[in-house]
Amino acid sequence: MSFNWESGYLTDTDYAYSYFRELNPNFLQFLLLTKGYKCYPINTACELGFGQGLSINIHATTSKTQWFGNDFISSQVENTNKIVNITQNNAKLYDDSFEQFLNRTDLPQFDFIGLHGVWSWISDENRTIITQFIKEKLSPNGMVYISYNSLPGQNTVAPLRELFVNHEKYHDTSKNTFDKRIKHSLLFTEKVLHHAPIFTKENTKLLQTLKQLQQIDNPKYLAHEYFHENWKSMYFSEMAKSLQNTELHFACSAHTWEHLDFINFTKEQNMFLSEISSPIFLETVRDFILNKKFRKDIWIKNPQKLSNDEKYTALRKLTCILTCPLSKVPHTISSLQGEFDLTEIYKPFYAILGDNKFHSIGELEIKLKNQNISIEHIINVLLCLNAQEILSITQYPQQELISKTEKLNNYLLEQTFKEADTQILVSPFTGSGISIKSLHQIFIKAYNEFQEKANSAYLAKYTLDFLSKNNIELFHKGKKHNLVSLLEEAEKFMEYIPLLQELRIIKKY
């Protein structure tokens, strides 16, 4: 008895509660602008296959954009709609199949269509339906985001995944729990490799990859990543061919790291890549050099290029904020070429952004002018900081959106240490989720409820009582958390309060 597959998609367990900033149109438009593309207002947006719906709810709650979405697993749509009702973010969600969603007559034209963790895990038929949906429903200057498993990087996983699925399909493991069924498939695969020395000798990385997967303590992730009946990896050139009838043009990667060629490639590699004139072939070659396993791509319809003056005029108007305290900021950055010490490069930027306030890029240019730092250099540094997820491009939300985001954060705080614990809270100023670990979320609950008492000692006592009341055991340096260790954590957390207040994740009193 194998897992249940509906249209080839695993339905035995709900999708994990995850947030993906790449589904935020504002974030994508920043990347597009750095590449010189004209960006258009996003009035309507759609997420296909939204899973537990955390991303669509965050983006619908923090913007005026009208969001639509579908997911054929009814329980996930029901859970997602609970947050829609709490926040009143007006998202329109449907438990339709992709074909049913395509055939709806009550949908608008969309300025943005996004799908994350969908394309590689559905049937060829459903991929064709999605391309038809894009062709029919995308507005004339619309933008599309698609992520998918890419080659050649996935070649080290494909044989393992084939064994996982077939072990599950042809062995009666129905008496085992879900977690054990996943574990047994991985163990059986290890035995196959042990008895296949000729194969493993020619595919030397398979055992290493399997060991890495066995160390992942998240059965839901493994199931949704590798145990679908459909699992498709493709070269970028194949992806471009799949979309050739949609009138889309590849713009750039939605992965900020992909914009940092000066650290990703050697000078020789960059020179070699500069000789390739075809954008499609260029991306394919880059994937070979980087051995890419997963792509996050931005495609646009009727692309319009800006002049350099127009591009930098638009960029100067954007505002940003450093999303971690100055004491926690990195001074190095790592890539396939090794680790780079950027202390001296980051120093003048931290001197300005270290106040954890909002600053326009134009303001940065003026303040850095006396150090002969160009606007081009500024954009590159901001991309580095954004790639390290410590800097966000910001917006100016109206009070209505701030209030809705507060309701969303209150809901997320109530889920802390429960099944839907996301370790994400939301800023209406970034329009996106901010990673905040569960322990700090309890500190935030204490702070919001009793701000006048919220010193580190009070936060530690509140948290200890909370953990005890809910029978939760947390460990610190191999020992169960106690008042002393929680006080130590709370004192570190106090550094974050001014920033969290600025982001309106914590109330300003």
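Where is S233 found? S233 sits in the loop between α10 (219–226) and α11 (236–242). The notes below start from the basis of the model and return to this residue.

1. **Basis.** This is a predicted model, in which local features need pLDDT of at least 70, side-chain atom pairs count only at pLDDT 80 or more, and totals for chains, interfaces and linings use all residues. Residues are numbered from 1 along each chain as its sequence is written, and side-chain values use heavy atoms, with hydrogens and water left out. Helices (H or I, at least four residues) and strands (E, at least two) are DSSP runs, numbered from the N terminus.

2. **The seven-stranded sheet.** Seven strands form an open sheet in the order β5-β4-β3-β6-β7-β9-β8. The pairing is mixed. Two strands pair if DSSP finds at least two bridges between them. The edges are β5 (92–94) and β8 (248–253). Each has a single partner strand, so one side of each lacks a neighbour in the sheet. On average, neighbouring strands are turned by 20° against each other, direction ignored. Axes here are lines fitted to C-alpha atoms, for helices over the stretch in contact, and angles run from 0 to 180 degrees between N-to-C directions.

3. **β3 and β4.** Strand β3 (residues 44–48) pairs with β4 in the parallel sense over five bridges. T44 stands opposite Q66 in β4. Five of the five residues of β4 (residues 66–70) are buried, so the strand is largely enclosed by the rest of the structure. Buried means under 20% relative accessible area, exposed over 50%, and partly exposed in between (1.4 Å probe, protein chains only). Q66, F68 and N70 point one way from β4. W67 and G69 point the other way.

4. **β6, β7 and β9.** Strands β6 (residues 110–115) and β7 (residues 138–149) run parallel, joined by five bridges. F112 stands opposite M143 in β7. On to β9: β7 and β9 pair in the antiparallel sense over seven bridges. There the bridge partner of M143 is I300.

5. Which strand is mostly covered, with seven of its eight residues buried? Strand β9 (residues 294–301) is. Five bridges join β8 to β9, and these two run antiparallel. W299 in β9 is the bridge partner of F250.

6. The peptide bond from L151 to P152 is cis, with omega near 15°. P152 lies in the loop between β7 and α6 (158–170). L151 is also one of the residues that S233 touches, along with N149 and Q154, not counting residues up to four places away in sequence. Contact means heavy atoms within 4.5 Å. S233 itself is buried, with a relative accessible area of 13%.

7. Two asparagines deserve a look. N302 has a positive phi of about 50°. N302 lies in the loop between β9 and α15 and counts as partly exposed at 36% relative accessibility. N356 has phi near 55°. N356 lies in the loop between α16 and β13 (359–360) and counts as buried at 10% relative accessibility.

8. **Helix α15.** The buried residues of α15 (residues 308–316) are K311, Y312 and L315. Seen down the axis, they fall within an arc of 90°, so they line one face of the helix. The arc is that of the directions from the helix axis to the C-beta atoms. An α-helix has 3.6 residues a turn, so residues three or four places apart point the same way. The buried residues of α15 pack against α1 (25–34), α17 (361–368) and α18.

9. **α16 against α18.** The axes of α16 (residues 343–353) and α18 (residues 375–387) come within 11 Å and cross at roughly 80°. That makes α16 roughly perpendicular to α18 (under 35 degrees is roughly parallel, over 145 roughly antiparallel, 65 to 115 roughly perpendicular, the rest oblique). From α16, the contact is made by I345, Y346, F349, Y350 and L353. From α18 come H377, I378, V381, L382, C384 and L385. These residues divide into 10 nonpolar, one polar and no charged. Ala, Val, Leu, Ile, Met, Phe, Trp, Tyr, Cys and Pro count as nonpolar, Asp, Glu, Lys and Arg as charged, and the others, Gly among them, as polar.

10. **The β15–β16 hairpin.** Strands β15 (residues 424–427) and β16 (residues 432–435) run antiparallel, joined by four bridges. V426 stands opposite G433 in β16. The two strands form a hairpin with four residues between them. In the turn, G431 has a positive phi of about 70°.
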